[in-house]
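Here is a briefing on a predicted model. It covers ring pairs, a sheet with its helix, and a loop residue.

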Amino acid sequence: MSKDEVVRIPVSELNQLLICKLCLGYFQDAHTITECMHTFCRSCIWTYFDRRDDGRSIPCPRCNTDIGFYHIAITKIIFDRNIQSIVDKIFPADVGDSRLIQQQLQQQVSGTYAGPVDQSAMEFTVKTIPDEQCDEVTRLPSIPKPSFKGKFDVTVKKIQKFVFARLDDGVQSTVTGADGIEVLFDGAVLDPKSDLAKFHPYLSPRDGTTEDGSEQGGSTNNTLILHYRRKLQS
């Protein structure tokens with residue numbers, strides 16, 4: 001083989017190296033555990049650590065290697081620039097849609113992929129609830145009628161405005177407008193300029209009424225659950 005010859009490797013053969021075993025999507029802000037060298041998305045591994053913070057030693061979610069108690073475990077994850085650069089080069093357009101890409105890839109391999117879903121026609125329920133994991137300074141109260149019907153073109157900015165408009169006057173006076181509210185999904189802060197298209201893999205189109213989601217972040221059927229809190233001013 002000459003040095004100029006191009007070697008092509010099917011993406012399906014790279015999946016096991018590029019996919020986070022916690023969310024099953026391609027790495028986003030890849031972080032590696034130094035004890036065992038297993039890699040996960042930053043938000044996934046932090047969420048995993050937070051949920052295992054019960055006073056006991058935390059194991060690696062892949063190999064069960066003992067990482068230590070919470071305050072030690074969080075010092076044993078580092079940003080993996082090499083792995084993240086590989087993901088970014090293979091999927092430069094939008095790594096944020098990695099879960100959808102992965103879902104379609106699996107369907108293509110199995111022969112069940114029928115083409116892209118018409119996201120513009122899909123309607124679902126967005127439910128907003130206070131972030132209970134934050135401290136008292138950033139915590140905001142529950143709002144009346146916290147749910148609304150929306151589509152994937154709804155922006156996070158619109159959700160900030162939705163929440164702010166439903167806060168009572170006393171609370172509104174302590175927040176610097178809609179921009180003073182952070183919207184989160186599964187512990188990760190969402191960019192106000194982004195829309196909800198990346199959450200398609202979490203939702204299932206269905207007819208009839210929708211079910212309310214639980215108080216945990218994520219989704220139930222076609223209800224997308226988002227948290228909100230006060231944004232600290234720098």
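The structure holds 3 aromatic pairs. Rings of Phe, Tyr and Trp (its six-membered ring) pair if their centres lie within 6.5 Å; planes under 30 degrees apart count as stacked, over 60 as edge-to-face and the rest as tilted. The model is predicted: local features need pLDDT of at least 70, side-chain atom pairs count only at pLDDT 80 or more, and totals for chains, interfaces and linings use all residues. Residues are numbered from 1 along each chain as its sequence is written, and side-chain values use heavy atoms, with hydrogens and water left out.

**Aromatic pairs**
- Y48 and F49 have ring centres 6.0 Å apart and planes at 50°, so this pair is tilted.
- Both Y48 and F49 are buried (under 20% relative accessible area; exposed is over 50%, partly exposed in between; 1.4 Å probe, protein chains only).
- For F124 and F152, the centres are 4.9 Å apart and the planes stand at 40°, so the pair is tilted.
- This pair links distant parts of the chain, 28 residues apart: F124 is in strand β6 (residues 124-130), F152 in the loop between β7 (147-150) and α6 (156-166).
- Helices (H or I, at least four residues) and strands (E, at least two) are DSSP runs, numbered from the N terminus.
- F124 is buried at a relative accessible area of 0%, and F152 is buried at 4%.

**Sheet and helix**
- An open sheet of 3 strands runs in the order β2-β1-β5, with antiparallel pairing (two strands pair if DSSP finds at least two bridges between them).
- β2 (39-41) and β5 (77-79) stand at the edges with a single partner strand each, so one side of each lacks a neighbour in the sheet.
- Neighbouring strands here are turned by 35° against each other on average, direction ignored.
- Axes are lines fitted to C-alpha atoms, for helices over the stretch in contact; angles run from 0 to 180 degrees between N-to-C directions.
- Strand β1 (residues 30-33) pairs with β5 over 3 bridges in the antiparallel sense.
- H31 has F79 in β5 as its bridge partner.
- Helix α2 (residues 42-51) packs on the sheet and touches β1, β2 and β5 (contact means heavy atoms within 4.5 Å).
- The direction of α2 makes about 95° with that of β2.

**Loop residue D191**
- D191 sits in the loop between β9 (188-189) and β10 (218-220).
- With 43% relative accessibility, D191 is partly exposed.
- D191 and V156 are 35 residues apart in sequence, with C-alpha atoms 6.8 Å apart in space.
- The D191 side chain reaches the backbone nitrogen of K193 at 3.0 Å.
- A polar contact is a pair of N or O atoms within 3.5 Å; within protein, one must be able to donate a hydrogen and the other to accept it, and residues adjacent in sequence count only if both atoms are side-chain atoms.
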